Amino acid sequence: MSENKIPYKIYLSEEEMPRTWYNLRADMKNKPAPLLNPGTGRPMTAEELEGVFCKELVAQELDNDTPYFEIPGEIRDFYKMYRPSPLVRAYCLEEKLQTPAKIYYKFEGNNTSGSHKLNSAIAQAYYAKQQGLKGVTTETGAGQWGTALSMACGYLGLDCKVFMVKCSYEQKPFRREVMKVYGSSVTPSPSDTTNVGRKILAEFPGTGGSLGCAISEAVETAVSTPGYRYVLGSVLNQVLLHQSVIGLESKIALDKYGVKPDIVIGCAGGGSNLGGLIAPFMGEKLRGEADYRFIAVEPASCPSFTRGRYAYDFCDTGMVCPLAKMYTLGSSFMPSADHAGGLRFHGMSSVLSQLYADGYMEAVSVKQTDVFRAAEEFARVEGILPAPESSHAILAAVNEAKRCRETGEEKTILFGLTGTGYFDLVAYEKFHSGEMHDFVPTEEDIARSLAQLPEVN
Ligand SMILES: *Cc1c(COP(=O)(O)O)cnc(C)c1O
């Protein structure tokens with residue numbers, strides 16, 4: 001089929017939607033390093049993990065060999081309410097940039113939670129329900145994950161306890177109320193409902209909280225409340241597995257028109273959307289069937305890949321979670337106030353970390369004000385108001401397209417547009433009023449937190 005026949009939006013029918021998730025680990029020669037028990041330094045066993053996480057999810061977490069996992073019918077039915085998500089040919093952006101590059105983006109913001117996180121939230125809630133649990137606990141920073149999980153739990157009739165970083169709880173009342181619409185209880189963290197929360201409140205009265213502290217509170221509540229488990233919205237292998245639906249749909253849609261991307265780009269916080277988007281393409285690369293360039297885009301304020309160290313580290317500041325081997329800035333690293341709340345995690349998925357260490361992937365870091373400039377350029381031609389996180393990928397895609405303009409190369413670029421920015425208008429306001437600044441940590445900042453990496457390394 002000729003290029004100009006490609007529609008603005010490539011939709012798939014329900015029948016064409018993927019029936020399985022793809023487990024990229026099955027095709028990796030060097031498997032991601034296992035989670036370690038911080039007490040013993042030994043790999044976490046299924047039994048140990050099952051005290052914190054749902055049984056079926058633990059099985060997915062530890063399975064490095066099974067390439068495909070069937071998507072249960074009930075999850076597929078839920079997906080059908082907002083999937084397949086559109087794959088858009090960015091004709092208007094191409095025109096604006098005067099580039100010979102062909103740009104596509106996969107838009108995951110077409111649901112109330114406004115991001116891709118719902119793809120894993122419904123899966124995790126489903127397995128908790130299957131196990132006969134009463135409810136789940138989690139943390140949320142900016143609120144996207146908490147909202148997605150609330151929607152999933154509301155749908156399945158599962159109780160959901162969200163610990164929301166206190167400063168977000170106070171500054172983002174809209175997200176907080178959406179979670180309550182779906183029936184979740186939302187507690188500002190640190191709170192006096194947990195030991196770790198009380199300890200932090202005693203030590204730092206008046207603190208606005210942190211993601212690491214909220215994780216510690218959610219885990220403590222899960223393990224101390226019968227019938228509850230803890231769930232996490234990114235970083236873990238299981239989350240990348242569920243998010244593979246993004247890449248699988250993209251590939252099915254592109255294959256319909258015989259289009260093969262040269263470059264696949266995604267923003268990287270904990271790595272779940274990027275890991276999901278690249279999964280089937282990376283699988284082909286690992287099996288030697290095709291070649292692609294993969295680019296992870298991270299904020300200059302929290303540059304885990306580009307300036308971090310590949311080492312075992314804690315996932316939380318409370319140091320209660322297992323140790324993961326990943327590119328990390330150190331669990332005590334405090335990124336300065338940055339509006340891309342979803343990209344502020346100090347570490348990175350173990351799967352992506354191993355692929356990056358093995359040279360299968362590139363990474364770039366970009367500055368916040370440049371990101372917002374690209375976001376507006378995109379919004380004005382493509383219509384969608386992008387989330388600040390997603391706009392990191394927009395900027396990198398625009399930069400690649402501009403390079404093509406200079407060299408005359410007709411590269412095909414695919415990027416992930418992970419969400420919408422309606423709840424981020426305070427950040428846009430700061431950008432407009434010139435109050436937005438670019439924070440870049442110094443070498444000393446990073447060295448200081450890396451010096452506190454755990455002993456096992
Ligand atoms: C959470 C979030 C991200 C980053 O998380 P990953 O796990 O790295 O995908 C990116 N975009 C949006 C809109 C998010 O909500």
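This briefing covers the ligand site, a pocket, and some backbone features of one protein model.

The model is predicted: local features need pLDDT of at least 70, side-chain atom pairs count only at pLDDT 80 or more, and totals for chains, interfaces and linings use all residues. Residues are numbered from 1 along each chain as its sequence is written, and side-chain values use heavy atoms, with hydrogens and water left out.

**Ligand site**

- The shell around the ligand holds 19 residues, and Lys117, Ser234, Ser272, Asn273 and Thr418 come nearest.
- By class, the shell has 13 polar, 4 nonpolar and 2 charged residues. Ala, Val, Leu, Ile, Met, Phe, Trp, Tyr, Cys and Pro count as nonpolar, Asp, Glu, Lys and Arg as charged, and the others, Gly among them, as polar.
- Helix 12 (272-286) and helix 16 (388-407) each give the shell at least two residues. Helices (H or I, at least four residues) and strands (E, at least two) are DSSP runs, numbered from the N terminus.
- In Ser272, a side-chain N or O atom lies 2.7 Å from an oxygen atom of the ligand. A polar contact is a pair of N or O atoms within 3.5 Å; within protein, one must be able to donate a hydrogen and the other to accept it, and residues adjacent in sequence count only if both atoms are side-chain atoms.
- Gly270 uses a backbone N or O atom, 3.0 Å from a ligand oxygen atom.
- His116 places a polar side-chain atom 3.1 Å from an oxygen atom of the ligand.

**Second largest pocket**

- Its lining has 12 residues, with Ile200, Phe204, Ser210, Cys213 and Thr317 closest to the centre.
- Helix 9 supplies the largest share of this lining, 4 residues.
- The lining divides into 5 nonpolar, 5 polar and 2 charged residues.
- On a 1 Å grid over the protein atoms alone, a pocket is an open set of points with protein on both sides within 12 Å along at least five of seven lines; lining residues have an atom within 4 Å of a point.

- Pro84 sits in the loop between helix 3 (73-82) and strand 4 (87-89).
- Pro190 sits in the loop between strand 8 (185-189) and helix 9 (195-203).

**Positive phi outside glycine**

- Gln98 is not a glycine, yet its phi is positive, about 50°. Its loop joins helix 4 (91-97) to strand 5 (102-107). Gln98 is exposed, at 53% relative accessibility.
- Val235, also not a glycine, has a positive phi of about 65°. Its loop runs between strand 9 (228-230) and helix 11 (237-256). Val235 is buried, at 11% relative accessibility.
- Buried means under 20% relative accessible area, exposed over 50%, and partly exposed in between (1.4 Å probe, protein chains only).

Technical notes. Near = heavy atom within 4 Å. 1 Å grid on protein atoms, 1.4 Å probe; cavity = no way out; pocket = protein on both sides within 12 Å on 5 of 7 lines; lining within 4 Å.
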